[in-house]
Every structure is written in structure tokens, then in C-alpha cells.
Amino acid sequence: MRNHALAHPPDVSIVVPCFNEAHRLDVAAFGAYLRAHPGVEFIFVNDGSTDGTLGVLASIESAYPSQVEVVDLHPNQGKAQAVRAGMQRALSREALYVGYFDADLATPLDAIGELMEVLDTAPKIDIAVGARVALLGRQITRRATRHYAGRVFATAASLVLGVPVYDTQCGAKLFRANAMTNELFRRPFRSRWIFDVEIFARHLAASRRKDGIYELPLRRWTDVGESRVKLTDFVRAIGEMAMIAQEYRLRRGSGILQLVSAPFLRYIGAGGVGTLFHYAVLTLSVELFGASPTLSTVLGALVGAFVNYQLNYHLTFVSVAPHRSTLRAYLLVACLTTALSGFGMSYLVSGHGVHYLLAQIACTAVVLVVGYVLNKSWTFAAQGKRSSRAPEASNARELETESSVSQQPR
């Protein structure tokens, strides 16, 4: 929020994305580190917080005006865009290194120096990332469920990226401030939940080498606070991983990976899961609660449609559009395909004497393709076209922020 025209560029500029962190920000820890390291600058990005986060950040900025800047984003844009906006700001500071750390300081700030040492001693490395590896002599405190979920996720990321990465999601990463890093953050991320994996994919695709990323086992890491992860986040992570595999194609020889990550296959899978929920609700309602089959199948159809919509939104098409628009379009497509199925059955059975089971198979195949095309090109892409203009809107907001910053003398 201030005009940071520094006389001397910082050695390192660290971005800290913040969303409703007023009660978790360790102001004392940040202050102590800043006093001990005058060459370090922090760029705190307030991502549309609704609590007192902005006030806390403003107090830190006032206490350390030469080392702290606050970037205020409105409305909330998600961690991926908050990190990207902060990193673009950091890259304009002409620091040697730029990076980002989670606001909860699960990774202690001392790790900044350790990551800097990696980049200092290995010129070929562009990215040094912290890895939460529970080795003897290290203090890695992590819940077992998150650890094992992380191992599964890391295995999937390794298959997609084609490199044996151990920990993509640790919130401690440092980059060499060069043209490569500028390119990594130039375009908005397509993924909002696992954008760290997309950063790795962009680097691997651009550099065509696997020795530019280095994982440093952290000395300390502590699981801090309540997890904000929801079930839909896990579903979305799978969809975003598949999208990254399709878009960057880092493992061109892996036909199975490309097949599994194909959107149409995900669409079929989503439909299958929705159908299973339909039949499960139908059976349980009739057998356990004695409900009528008619009422039970209607209820099952509604539940199946809801599950199918959620899976298509998060898994198949990885949409960022508001539900109020996609749900309306989805229901219209469902009505259209239902009518198409009924017309097809009448045409084949009554008009041409085709056996009803064969007619149903044919109608199902046609409806599947038509539904996929309409949902891809309209339901979840109508907003996608508008979101393709989001970078321009984001740039406009950044320019507006720059203008408001430059008008306030330090």
C-alpha cells in the first residue's frame, strides 16, 4: 500500500499470501526476522480477507516500511492468483531471489537462508523448494492422515511430471529472479488448488531439463491450525492433475496416462458415479425405509444428478465459473438430452421396430456424446471464455493498485 522505491534492491523478496489470517499471523516472528535480516523484504498479499488481516498487515508495514509491502486484492481470488500477483510484484524489485512462504509459518523463516544457500552454491538450479521429510534429526510434525495423503498425491504428481518429486505442496519455495521465473508467473494458472504442480510443469516444459528444481529436506516443519481442505478440494485436485497432464504433456510416451487424464473419460466416470448414487438411494429408500419405488427413483435421480454435476464441475472440466450460471446451463442440457433420449427411443422402437434395449444403448451413446459436447462448449466454457479475459481484469486491478500506491509518498 506504500510506494516502495527502494534505494537498494533487497537480496530476497518473499511473498506471503494471506486470507483471514488475523489470528494466526505471528507478528513477533516476522518482526524478529526482519530486524535480523535487513536484506530480506516481505510482500504480504491480502487476498480479500473478511477479518482483521489487512489491519494486522498494515501495522507490520508501518513498523518496517523499508522491508514490508502490503498488496490488497479485492475480491478474494484464491491462493494461486494471490501468489502470482505477489510474485510479479517481487520480480519488479530486482532482488536476487524471490519466493513465497505460507502465512502460518509452518515452515520457520530460518528456512529462507537454507534455500538461499542452495541457489547460491548451484547456479543451474532455478527453484529450491522445501520438502517435509521425516528424517532422523529433523523435526517434522505432521498428522498421519495428511502424510499418507501427501504420499499418494506426490506419487501422482511424479507420474504426471515425469520426475520423482517428493513434496510439491510445501509452502516454502524460492526462485532465482531471472527470465525463466518471470515466464513461470506471467500467465494466470489454470489450476487454483495445485498450482505448485503447474509451476513445476511450466518449468519442465520450458527448460526441457530436470536438474533445475531442487528439493531441500526441511529441518523443522509443524502442522499449524485447522485444515481448510474439503472433500471437493480432493476431487478438484484430481481434475487439475489430469488437466496438467493433458495440457503440458511432459510424458509424451505414456499413452495410458494421457488416456486416463482424457476429459471424455472423466465425463463417463462422473456419469457412472452419479448412476451408482442413483441406484444406491433407490435401493436404500425402498429396502430400509419402505418408500415407494416411484418416489425413491425420483429422489435417487436428484442425488445422482447433484453428484454428477459436482464431479463434472470439479473433476471433468475443472471450472472456475460461479455455480449460479453453470448449474442453470447444466439443468438445461440435462432437459435437452432427456428429451433427445425420449425422441430417439420413440423413433427407433415405434418407427423402425428396433428392440428397446438396443435402442436404449444407441440413445445412451448419442446422449453421452451430445451432453459432453454441450457441457464442454457451453455449460462450463461459457464462463471459461469470460474467465479468459480475467488476466486483463487482473492486470487492470494491479495497475489500479500501482496507481494508488504511487500516490502515497513514503
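Visitor: What makes strand E4 count as mostly covered?

Guide: In this predicted model, 5 of the 5 residues of E4, residues 97-101, are buried. Buried here means under 20% relative accessible area.

Visitor: Which residues of E4 point one way and which the other way?

Guide: Tyr97, Gly99 and Phe101 point one way, Val98 and Tyr100 the other way, and all are buried. In a regular strand, side chains alternate between the two faces of the sheet.

Visitor: How do you know that E4 pairs with E1, and in which sense?

Guide: Strand E1 (residues 12-18) and E4 are joined over 4 bridges in the parallel sense. Pairing requires at least two bridges, so 4 bridges qualify. Within this pair, Val12 stands opposite Tyr97.

Visitor: What joins E4 to strand E7?

Guide: There are 5 bridges between E4 and E7 (residues 172-176), and the two strands run antiparallel. The cut-off is at least two bridges, therefore E4 and E7 also count as paired. Phe101 has Ala172 of E7 as its bridge partner.

Visitor: Which residues have the most contacts inside the largest nonpolar core?

Guide: They are Tyr100, Phe175, Phe185 and Ile199, in a core of 42 residues. Helix H3 (residues 79-91) gives the largest share of this core, 7 residues. A second, separate core has 39 residues, including Ile14, Val40, Leu109 and Ile125. In soluble globular proteins, nonpolar side chains tend to be buried together.

Visitor: What is Ile199 in contact with, leaving aside its neighbours within four places in sequence?

Guide: Ile199 is in contact with Tyr100, Ile127, Phe175, Leu184, Phe185 and Phe189. Contact means heavy atoms within 4.5 Å.

Visitor: Why is Glu94 called exposed?

Guide: Glu94 has 64% relative accessibility, and exposed means over 50%, so Glu94 counts as exposed. Glu94 lies in the loop between H3 and E4. Its phi is positive, about 65°, although Glu94 is not a glycine.

Visitor: Why is Val318 called buried?

Guide: The relative accessibility of Val318 is 10%, and the limit for buried is under 20%, so Val318 counts as buried. Val318 is in the loop between H11 and H12. Val318 is not a glycine, yet has a positive phi of about 45°. Most residues other than glycine have a negative phi.

Visitor: What makes the peptide bond from His74 to Pro75 cis?

Guide: The bond from His74 to Pro75 has omega near -10° and is cis. Pro75 is in the loop between strand E3 (68-73) and H3. Most peptide bonds are trans.

Visitor: Which residues are closest to the centre of the second largest pocket, and what is its volume?

Guide: The volume of the second largest pocket is about 1000 Å³. Of its 33 lining residues, Asn308, Tyr330, Ala334, Thr337 and Thr338 are the closest to its centre.

Visitor: How many helices and strands does the protein chain have?

Guide: The protein chain has 15 helices and 9 strands. Of its 410 residues, 44% count as buried. Among contacts between residues at least 6 apart in sequence, 78% join residues at least 24 apart.

Methods. Residues are numbered from 1 along each chain as its sequence is written. This is a predicted model: local features need pLDDT of at least 70, side-chain atom pairs count only at pLDDT 80 or more; totals for chains, interfaces and linings use all residues. Side-chain values use heavy atoms; hydrogens and water are left out. On a 1 Å grid over the protein atoms alone, a cavity is a set of points where a 1.4 Å probe fits but cannot get out, and a pocket is an open set with protein on both sides within 12 Å along at least five of seven lines; lining residues have an atom within 4 Å of a point. Grid points are joined across faces, edges and corners, and a volume is the space filled by probe spheres set on the points. A nonpolar core is a set of buried Ala, Val, Leu, Ile, Met, Phe, Trp, Tyr and Cys residues joined through side-chain atoms within 4.5 Å. Buried means under 20% relative accessible area, exposed over 50%, partly exposed in between (1.4 Å probe, protein chains only).
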